[in-house]
Every structure is written in C-alpha cells, then in structure tokens.
Amino acid sequence: FAGSPARPMSLADARDRLLAAQALETVRCLAEGVIVDPSQCDVGALLGWGFAPWTGGPLSWIDRLGVRVCVARCSELAARYDSARLQPPPALEALAARGTSVYAASWPR
C-alpha cells in the first residue's frame, strides 16, 4: 500500500504466500460446500486460473506439504506479515489435528 514501509521478504516467503492464499481459499470453498470434490478443485485451479502446475493444484499442494506442515507454515506467514487471509481456516486446522489429508477428508466439513 502507498506509504507503507517495505518489508524484506525471502523468495520462499513470497512463493508460499501466493500459493497459500489460493490454497486456503480453496479449502474455505470446500468447507462451505461451494465445491465438494478435491480433485475437481485441483483441476479447475490448474486449468481455470493457472495455479502453479508443478503442485498438482492447491489441495494437492497442501497434501504434498502435509496438512500439519501447511497449517504451521501458513500460521507463521500470517503472523510474520500480519495477514488474516493466510490464517488457516478451522476446517484445515481440524484435519491437521486429526492427522489426515485434504483428499482423505469428507467434504463439506
């Protein structure tokens, strides 16, 4: 924003912030029942808005990281950059607590 002091940011933080913001919004859509199939979400994100193809899609990105690791990383980024949108949604935190994956969960949550 104009007038805001610049914050130094690593390339890894920039990458993860961009991927996480999209992935967390996708989880929110699953949790709200807007979309119900993780594989359709991933395909739609890859083909529809060009989500990073090397990840397999936003939900595959979460599962590849591991849900617990993803929740921890997003929480870290949310705190570091004072960003509410990077705070993991309750549905993802619940998966992390249960030690399961996005694809293994039943949706909506």
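Reader: Is Val-71 buried or exposed, and what settles the matter?

Author: The model is a predicted one. Burial is judged by relative accessible area, and a residue is called buried when that value is under 20%. Val-71 has a relative accessibility of 12%, so Val-71 counts as buried.

Reader: Where is Val-71 found, and which residues does Val-71 touch?

Author: Val-71 is found in helix H4. Leaving aside residues up to four places away in sequence, Val-71 touches Pro-88, Leu-92, Glu-93 and Ala-96.

Reader: How is Arg-73 to be read: is Arg-73 buried or exposed?

Author: The place of Arg-73 is also given by an element, helix H4. Arg-73 is buried because its relative accessible area is 16%, under the 20% cut-off. Not counting residues up to four places away in sequence, Arg-73 touches Ala-12, Asp-13, Asp-16 and Arg-80.

Reader: What is the place of Ala-12, and how does Ala-12 count by accessibility?

Author: Ala-12 has its place in helix H1. Its relative accessibility is 31%, so Ala-12 counts as partly exposed. The C-alpha atoms of Ala-12 and Val-69 are separated by 15 Å, and the two residues are 57 residues apart along the chain.

Reader: How is a whole helix such as H1 described?

Author: One may begin with its extent. Helix H1 covers residues 11–31, which makes 21 residues. From its first C-alpha to its last, H1 reaches 30 Å, close to the 30 Å expected at 1.5 Å a residue. After H1 comes Gly-33, whose phi is positive, near 80 degrees.

Reader: Which residues of H1 are buried, and what do they pack against?

Author: The buried residues of H1 are Asp-13, Asp-16, Leu-19, Ala-20, Ala-21, Ala-23, Leu-24, Thr-26, Val-27, Arg-28 and Leu-30. They pack against four elements, namely helix H2 (38–49), helix H3 (58–65), helix H4 (67–80) and helix H5 (90–98).

Reader: How does one describe the packing of two helices?

Author: Two packed helices are described by the angle between their axes and by the distance between those axes. In this structure, H2 and H3 pack at an angle of about 120 degrees, and their axes are 7 Å apart. On the H2 side the contact is made by Pro-38, Cys-41, Asp-42, Ala-45 and Trp-49, and on the H3 side by Pro-58, Leu-59 and Ser-60. Sorted by class, this contact of H2 with H3 has 6 nonpolar, 1 polar and 1 charged residues.

Reader: Where does Leu-86 lie, and is Leu-86 buried or exposed?

Author: Leu-86 lies in the loop between H4 and H5. Its relative accessible area is 1%, and Leu-86 is therefore buried. Beyond residues up to four places away in sequence, Leu-86 touches Arg-17, Ala-20, Ala-21, Leu-24, Cys-74, Ser-75, Leu-77 and Ala-78.

Reader: What can be said of Asp-82 in the loop between H4 and H5?

Author: Asp-82 has its place in that loop between H4 and H5. At 66% relative accessibility, Asp-82 counts as exposed, the cut-off being over 50%. Its backbone deserves attention too: Asp-82 has a positive phi of about 45 degrees although it is not a glycine.

Reader: What sits over the ring of Tyr-81, and how many aromatic pairs does a search of the whole structure find?

Author: The charged end of Arg-17 sits over the ring of Tyr-81, at 4.4 Å from the ring's centre. As for aromatic pairs, a search of the whole structure finds 0.

Reader: Finally, is Ala-97 buried or exposed?

Author: Ala-97, found in helix H5, is exposed because its relative accessible area is 63%. The C-alpha atoms of Ala-97 and Ala-6 are separated by 35 Å, the two being 91 residues apart along the chain.

Note on methods: Residues numbered from 1 in each chain as written. Predicted model: local features only at pLDDT ≥ 70, side-chain atom pairs only at ≥ 80, totals over all residues. Heavy atoms only, no water. Phe/Tyr/Trp six-rings, centres within 6.5 Å; stacked < 30°, edge-to-face > 60°. Lys NZ or Arg CZ within 6 Å of the ring centre and 35° of its normal. Helix = DSSP H or I, 4+ residues; strand = E, 2+ residues; numbered from the N terminus. Expected span 1.5 Å × (residues − 1). Buried < 20%, exposed > 50% of the residue type's maximum accessible area, 1.4 Å probe, protein only. Contact = heavy atoms within 4.5 Å. Axes fitted to C-alpha atoms, helices over the stretch in contact; angles between N-to-C directions. Nonpolar A, V, L, I, M, F, W, Y, C, P; charged D, E, K, R; others polar.
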